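Please read this report with the model open beside it. It takes one topic at a time.

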Amino acid sequence: MNNKKDKNRKYYSIRTGKIDGELSLNLEEVLELFRNLFESWLYNGFFQQQFGYLCVDKGYVPGERGLPLEKAIVLEVRKPNLCPIETACESYSEDDLFDVIEFLYDYISYPRKRYYHNWSDCGWHCDQFGKIDRDAGVTEYREKINDILKDYHGGYSLSEDGEILVPVDSGLKPLLEAEVIHSDVENVKSKVENAIKKFRRYKSSPDDRGDAVRDLADILEYLRPQIKESLLRKDEKDLFELANRFGIRHHAKGQKIEYDREIWYNWIFYYYLATIHASLQLIDRQSDSK
């Protein structure tokens, strides 16, 4: 019997349309769910590769990091009040929670081999970790963390790089998740993906979002020779005029800088992102016609 749950499975009330399935968690509820997950991972040894464990016979057995989790988190996150996580998390702020989620992402790994030390109910001792175990641990970690965050204040998420991303309007999600169809991974595909992460990063500054807009403008500049045949000359010029006139791509006299960056950056980012996808489709169509 296969006990693995289908991720797309909907239970009766949602499946029959009796409820819409929308859920809105507050911070207290998210912290409780996070604590349950953390205690499970801690009990099952998911952090022992890096931080070691306590044994009633041997005392502290260090991991690869050389420090217990409680000391490592103080040094790296620079906050003294986050541990022990299983009790301290009850009073976490949103920033505290997101700091800890990102920190644990960097150090979790699935134990390939373990045994239970019965003496004084000591607990699980784990060894034999490798890259495949790190990847398995990260995959489970992201899936379960994102199951919680998707219902918190509009839908936060943990990226594949281990960074908290802010919610986006549901109508814009398809644009953010659309595949970048281009053979040049370094100059197009990776740059688009990095610009999206930079723009959506939790508490990113206006400068960060401006950099993301500039990155997209640079991608359009890179694609410019390829889209000349597909776009009218005036349309092509207008694309870059927006960034050049409003102090995004160049620092020049006469540029307009007195504007609400929060609103304008949000609009121009999605405008450029949509334009990149449209341009790539036009380039692809040109290639097919030739």
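## Basis of the model

This is a predicted model: local features need pLDDT of at least 70, side-chain atom pairs count only at pLDDT 80 or more, and totals for chains, interfaces and linings use all residues. Residues are numbered from 1 along each chain as its sequence is written, and side-chain values use heavy atoms, with hydrogens and water left out.

Helices (H or I, at least four residues) and strands (E, at least two) are DSSP runs, numbered from the N terminus.

## The largest pocket

The largest pocket holds about 1200 Å³ of space. A pocket here is an open set of points on a 1 Å grid over the protein atoms alone, where a 1.4 Å probe fits, with protein on both sides within 12 Å along at least five of seven lines. Its volume is the space filled by probe spheres set on the points, which are joined across faces, edges and corners.

The lining of the largest pocket has 38 residues. Lining residues have an atom within 4 Å of a point. Nearest the centre lie Lys150, Ser157, Lys173, Glu177 and Arg200. Helix 7 (131-149), strand 5 (157-158), helix 8 (173-177) and helix 9 (185-200) each give two or more residues to this lining. Helix 9 gives the most, with 6 residues. By class, the lining has 17 charged, 13 nonpolar and 8 polar residues. Asp, Glu, Lys and Arg count as charged; Ala, Val, Leu, Ile, Met, Phe, Trp, Tyr, Cys and Pro count as nonpolar; the others, Gly among them, are polar.

Val192 has 1% relative accessibility, so it counts as buried. The classes are buried (under 20% relative accessible area), exposed (over 50%) and partly exposed (in between), with a 1.4 Å probe and protein chains only. The C-alpha atoms of Val192 and Ile219 are 7.7 Å apart in space, while the two residues are 27 apart in sequence.

## Aromatic rings

A pair of aromatic rings is described by the distance of the centres and the angle of the planes. The structure holds 20 aromatic pairs. Rings of Phe, Tyr and Trp (its six-membered ring) pair if their centres lie within 6.5 Å; planes under 30 degrees apart count as stacked, over 60 as edge-to-face and the rest as tilted.

Take Tyr156 and Tyr202. Their ring centres are 6.0 Å apart and their planes stand at 70°, so the pair is edge-to-face. Tyr156 lies in the loop between helix 7 and strand 5, and Tyr202 in the loop between helix 9 and helix 10 (206-227), so the pair ties together parts that are 46 residues apart in sequence. Tyr156 is buried at 12% relative accessibility. Tyr202 is buried too, at 16%. Elsewhere, Trp264, Tyr265, Trp267, Tyr271 and Tyr272 form one aromatic cluster.

## Charges over rings

The charged end of Arg114 sits over the ring of Trp124, 3.8 Å from its centre. Arg134 has its charged end over the ring of Tyr105, 5.4 Å from the centre. A charge sits over a ring if NZ of Lys or CZ of Arg is within 6 Å of the ring centre and within 35 degrees of the ring normal.

## Helix 6

Tyr105 is one of the buried residues of helix 6. Helix 6 (residues 94-105) is mostly covered, with 9 of its 12 residues buried. Among them are Leu97, Phe98, Val100 and Ile101.

## Loop residues

A cis peptide bond joins Cys83 and Pro84, with omega about -5°. Pro84 lies in the loop between helix 4 (69-77) and helix 5 (85-88). Cys83 lies in the loop between helix 4 and helix 5. Cys83 is partly exposed, at 21% relative accessible area.

Ser120 is not a glycine, yet its phi is positive, about 55°. Ser120 sits in the loop between strand 3 (113-117) and strand 4 (123-127), and is exposed at 57%. Asp121 is found in the loop between strand 3 and strand 4. Its phi is also positive, near 55°, and Asp121 is exposed at 55%.
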